[in-house]
Amino acid sequence: MYRYQFFLAAFFLLLSGVSIAQEGNNATDGWISLFDGKTLNGWKVNEHPETFRVEDGAIVVNGERSHLFYAGDVNNHDFKNFELKVDVMTFPGSNSGIYFHTQFQEVGFPEIGHEVQVNISHTDWRRSGSIYGIVHVDTVPVKDKQWYTQHIIVQGKTVRILIDGKLILEYNEPDTTIKPHTGHTISSGTFALQGHDPGSKVLFRNIRVKILPD
């Protein structure tokens with residue numbers, strides 16, 4: 001009887017230790033979710049709000065041109081140095097993008113910040129991982145209709161883009177006369193997802209950020 005109680009106590013103690021260890025790992029790994037998987041709480045859409053909806057734990061982007069900006073409480077939606085990971089699924093002929101260092105605007109394509117392209121088979125040859133209008137890649141190691149992870153790392157004036165853990169490009173911003181927060185430069189700001197056109201359908205899920213030191 002006593003032996004049974006001893007092993008039972010040891011078993012629950014072990015479980016407790018595992019649970020504490022797991023909680024500790026989750027608390028110290030630094031990743032913070034920006035999307036709850038159920039609603040668009042914390043996000044703000046500009047034109048054509050019907051372009052964005054949530055289905056099966058993902059943000060579905062399909063409709064007229066529109067942009068969905070993160071406007072939540074995490075870091076007061078203002079990020080300078082960070083890592084951003086987003087799980088993405090594209091469909092044939094689709095085009096979208098993930099903006100960083102941007103800010104909310106009522107209409108049009110964001111005039112502030114950089115767009116990291118989301119495009120595997122659209123007629124635009126600039127493929128996923130390109131920093132649009134700055135540096136581009138024309139091939140990607142992933143396919144439409146399959147989930148992949150797009151990983152953006154910004155540290156100082158360096159931007160690194162990875163897809164499924166593979167480095168796609170590294171960009172070091174040269175000296176510029178453009179003032180911060182006024183154009184397509186590295187500065188600070190929020191994130192945005194792009195609705196490009198009615199013929200494009202893209203899914204985003206598991207959107208998480210790790211804030212890096214200045």
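## Contacts of Ser187

Contact here means that heavy atoms lie within 4.5 Å. In this predicted model, Ser187 is in contact with Lys80, His101, Pro180 and His181, once its neighbours within four places in sequence are left aside. Ser187 itself is found in the loop between strand 11 (166-172) and strand 12 (190-195), and it counts as buried because its relative accessible area is 11%, where buried means under 20%.

## Salt bridges and the exposure of their partners

A search of the whole structure finds 7 salt bridges, and one of them pairs Glu55 with Arg53, whose closest N and O atoms are 2.7 Å apart. Glu55 is partly exposed, with a relative accessible area of 37%, and Arg53 also counts as partly exposed, at 31% relative accessibility.

Another salt bridge brings together the side chains of Asp124 and Arg126, at 3.0 Å from N to O. In this pair Asp124 counts as buried, with 12% relative accessibility, whereas Arg126 counts as partly exposed, at 21%.

## A link between distant parts of the chain

The side chains of Asp87 and Arg208 also meet in a salt bridge, with an N to O distance of 3.3 Å. This pair links distant parts of the chain, since Asp87 belongs to strand 6 (residues 82-90) and Arg208 to strand 13 (residues 201-211), 121 residues apart. Both Asp87 and Arg208 are buried.

Terms used: Residues numbered from 1 in each chain as written. Predicted model: local features only at pLDDT ≥ 70, side-chain atom pairs only at ≥ 80, totals over all residues. Heavy atoms only, no water. Helix = DSSP H or I, 4+ residues; strand = E, 2+ residues; numbered from the N terminus. Buried < 20%, exposed > 50% of the residue type's maximum accessible area, 1.4 Å probe, protein only. Salt bridge = Lys/Arg side-chain N within 4 Å of Asp/Glu carboxyl O.
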